[in-house]
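Take a look at the model below.

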Amino acid sequence: MAKAPGRNDREGLTIKELFARFPTEEAAQEWFEKQLWPDGRFCPHCGSRHTTETKSGRHPMPYRCYDCNRYFSVRKGTILERSPIPLRDWAIAIYMHLTSLKGVSSMKLHRDLGVTQKTAWFMLQRIREAFKRDDDQDPMSGPVEIDEVYLGGLRKNMSNTKRAELAGAGSAVGKEIVVGVKDRVTRQVRVRHVQHADTTSLSNFITGKVQAGATVYSDEAAVYFALRNWYRHESVNHSAGEYVRQQAHTNGIESFWSMLKRAHKGVYHKFSAKHLHRYIAEFAGRHNVRDAGTLTQMEGLAAAMRGKRLKYKWLIADNGLASGARAGKEAETVS
């Protein structure tokens with residue numbers, strides 16, 4: 001499709017261009033197949049490439065494998081599996097999510113796509129699942145900034161019972177903790193939801209994300225002093241009003257937290273502890289590809305859907321019921 005004169009991919013994709021690219025369900029299917037099967041169609045059941053198209057009207061699935069004799073579609077083996085939502089709607093949802101600086105609420109998606117709010121929420125959680133990365137990224141070489149943020153409601157907005165429980169406790173008590181690092185050279189970020197902002201939790205995260213010997217900048221919190229065992233560590237004393245001292249500052253990672261907080265307050269209003277790892281993976285993922293064009297971002301996110309699955313019953317399960325191996329794996333997910 002020809003682009004407007006003077007436009008380039010980094011300028012993004014307009015609404016008109018989006019609908020011109022996805023005019024039909026068939027066009028959307030072709031696009032998803034290109035992203036999920038870049039080397040050609042294969043059977044997601046057995047991996048065979050000995051496949052064929054299903055004769056029209058013979059089976060609801062468009063393809064059949066000659067080797068295992070099973071039927072499949074491009075949705076199989078991805079977060080789109082068993083979703084009745086048209087692929088064209090999925091492409092639109094991905095576009096909306098990537099082009100909204102602070103994310104998209106399920107209420108807006110439900111209105112714009114004409115689906116129920118529950119369906120829109122499930123779609124968004126599945127998209128966030130695609131942002132999740134296995135822990136296979138190269139350690140950052142630095143210099144890096146590290147900081148943690150506390151997410152949660154204001155005491156004045158809590159119930160009397162909750163306020164009574166937290167009476168006398170510090171302002172961070174009762175909030176969720178997210179730790180993050182940002183590489184100043186690549187501008188990439190890595191984040192993780194942790195249970196405690198202690199030396200062990202933060203050090204384990206940092207040493208897994210940052211090369212030994214790199215320069216690390218933080219605030220004056222005592223939990224970061226142990227970093228001097230592995231890194232060239234400098235800190236600024238925020239409590240004394242010091243925020244920048246030559247190259248020592250954490251302005252970059254704090255800018256990332258600022259965007260996350262604005263989304264928390266203005267769009268989502270609440271990040272539950274149960275789903276927080278997906279929200280922060282989404283924001284880190286969108287931050288890390290923000291310099292790419294919209295279509296490139298969409299292609300990367302669609303390709304990342306392969307090999308991932310998220311069922312609705314997993315999302316709505318009580319925390320106790322979700323505390324098995326899957327929940328443990330999710331708690332360690334980073335982006």
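Start with Arg82, which sits in the loop between strand 3 (71-72) and helix 3 (87-99). Helices (H or I, at least four residues) and strands (E, at least two) are DSSP runs, numbered from the N terminus. The model is predicted: local features need pLDDT of at least 70, side-chain atom pairs count only at pLDDT 80 or more, and totals for chains, interfaces and linings use all residues. Residues are numbered from 1 along each chain as its sequence is written, and side-chain values use heavy atoms, with hydrogens and water left out.

Most residues other than glycine have a negative phi. Arg82 is not a glycine, yet its phi is positive, near 65°. Arg82 is exposed, because its relative accessibility is 72%. Here buried means under 20% relative accessible area, exposed over 50%, and partly exposed in between (1.4 Å probe, protein chains only).

Now move to the loop between strand 5 (176-183) and strand 6 (189-194), where Arg187 lies. Arg187 is not a glycine either, and its phi is positive at about 65°. Its relative accessible area is 38%, so Arg187 is partly exposed.

Next comes helix 4. Which residues of helix 4 (residues 106-113) are buried? They are Ser106, Leu109 and Leu113. Seen down the axis of helix 4, these buried residues fall within an arc of 60°, so they line one face of the helix. The arc is that of the directions from the helix axis to the C-beta atoms. An α-helix has 3.6 residues a turn, so residues three or four places apart point the same way.

The buried residues of helix 4 pack against helix 3 and helix 5 (117-131). Contact means heavy atoms within 4.5 Å. Just after helix 4, Gly114 has a positive phi of about 75°.
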